[in-house]
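Here is a friendly walk through one protein model. Have a look at the picture and the sequence, and then read on.

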Amino acid sequence: MKEVEKKKEYDIFRDSPVRYLGYANEIGESFRPIFPKLVVPSYAVSFAYVGADTLDKAKKYYDTTNRFDIAATQAFDTIVWQTFASVFVPGFTINRVVKACEYGLKNYGKGLPPPLVRWLPTAVGIGIIPLIIHPIDDLVHVVMDNSIRTLYR
């Protein structure tokens, strides 16, 4: 299958602050110890972002090629990539970092001020978000390039 030629055009879902909506669940995971009811809505925002980007890519490819198969393939690629790169992998990573911080403070943070013990896991979770974005994006690209993308590219 011939791939659609990609132009370097502005993509609101990847080239603007809208991209950070995909990471709303990381904020939810960071705040889980303090505001657990924030977690589910934060995932709803992230999945809404994934859905919107998927629809946008499918429409652009269909409008460009007038071929449903190419648009559907692009939609599939986008939804898989975004689900793993924006939701599952970073959400799991932040969840584990926050839990590890909580564990460390519980077992080794005796005598620390209670506000520090309460807020430090959340601060650490939020603080590592910028550090994990690009490595996770790159990892998901490599995994997909060497697995499911071999089936349709």
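## A buried tryptophan

Trp81 is buried, with a relative accessible area of 3%; here, buried means under 20% relative accessible area, exposed means over 50%, and partly exposed is in between (1.4 Å probe, protein chains only). You'll find Trp81 in helix H4. Helices (H or I, at least four residues) and strands (E, at least two) are DSSP runs, numbered from the N terminus.

Who are the neighbours of Trp81? Leaving aside residues within four places in sequence, Trp81 is in contact with Arg14, Arg19, Ser86, Asp137, Val140, His141, Met144 and Arg149, where contact means heavy atoms within 4.5 Å. Take Val140: Trp81 and Val140 are 59 residues apart in sequence, and 6.7 Å apart in space, C-alpha to C-alpha.

## What kind of model this is

This is a predicted model, where local features need pLDDT of at least 70, side-chain atom pairs count only at pLDDT 80 or more, and totals for chains, interfaces and linings use all residues. Residues are numbered from 1 along each chain as its sequence is written, and side-chain values use heavy atoms, with hydrogens and water left out.

The pLDDT score is the predictor's confidence in each residue, from 0 to 100. For the protein chain the mean pLDDT is 94, and 95% of the residues reach 70 or more. Confidence is lowest in helix H1 (residues 12-15), at a mean of 90, and highest in helix H2 (residues 24-30), at 98.

## The overall layout

The protein chain has six helices and zero strands, so from the N terminus on, its elements read α-α-α-α-α-α. The chain's radius of gyration is 19 Å, well over the 15 Å that the globule rule gives for 153 residues, so the chain is more spread out than a compact globule. (That radius is taken over C-alpha atoms, and the globule rule is 2.2 Å times the number of residues to the power 0.38.)

Of the 153 residues in the chain, 39% are buried. Among the contacts with a separation of 6 or more, 74% are between residues 24 or more positions apart.

H4 has 41 residues and reaches 57 Å from its first C-alpha to its last, close to the 60 Å expected at 1.5 Å a residue. The expected span is 1.5 Å times one less than the number of residues in the helix. H4 also bends by about 40° at Phe84; that bend is the angle between axes fitted to the seven residues ending there and the seven starting there.

Now for H3, which has 27 residues and reaches 39 Å from its first C-alpha to its last, close to the expected 39 Å. The buried residues of H3 include Val39, Tyr49, Val50, Ala58 and Tyr61. What do the buried residues of H3 pack against? They pack against H1, H2 and H4. Just after H3, Asn66 takes a positive phi of about 60°. Asn66 lies in the loop between H3 and H4 and counts as exposed, at 56% relative accessibility.

## Rings that pair up

A pair of aromatic rings is described by the distance of the centres and the angle of the planes. Rings of Phe, Tyr and Trp (its six-membered ring) pair if their centres lie within 6.5 Å; planes under 30 degrees apart count as stacked, over 60 as edge-to-face and the rest as tilted. How many aromatic pairs does a search of the whole structure find? The search finds seven. In one of them, the rings of Phe35 and Trp119 have their centres 6.4 Å apart and their planes at 70°, so the pair is edge-to-face. This pair links distant parts of the chain: Phe35 sits in the loop between H2 and helix H3 (39-65), Trp119 sits in helix H5 (residues 114-145), and they are 84 residues apart. Phe35 is partly exposed at 41%, and Trp119 is partly exposed at 40%.

Phe76 and Tyr152 make an edge-to-face pair too, 6.0 Å centre to centre with 80° between the planes. Phe76 is in helix H4 (residues 68-108) and Tyr152 is in helix H6 (residues 149-152), 76 residues apart. Are these two buried or partly exposed? Phe76 counts as partly exposed at 41% relative accessibility, whereas Tyr152 is buried at 15%.

## A threonine beside the cluster residues

Ring pairs also link Phe31, Phe35 and Trp119 into a cluster. Thr122, in helix H5, touches one of those residues, Phe31, along with Ser30, Pro33 and Ile34, not counting residues up to four places away in sequence. Thr122 is buried, with a relative accessible area of 2%.
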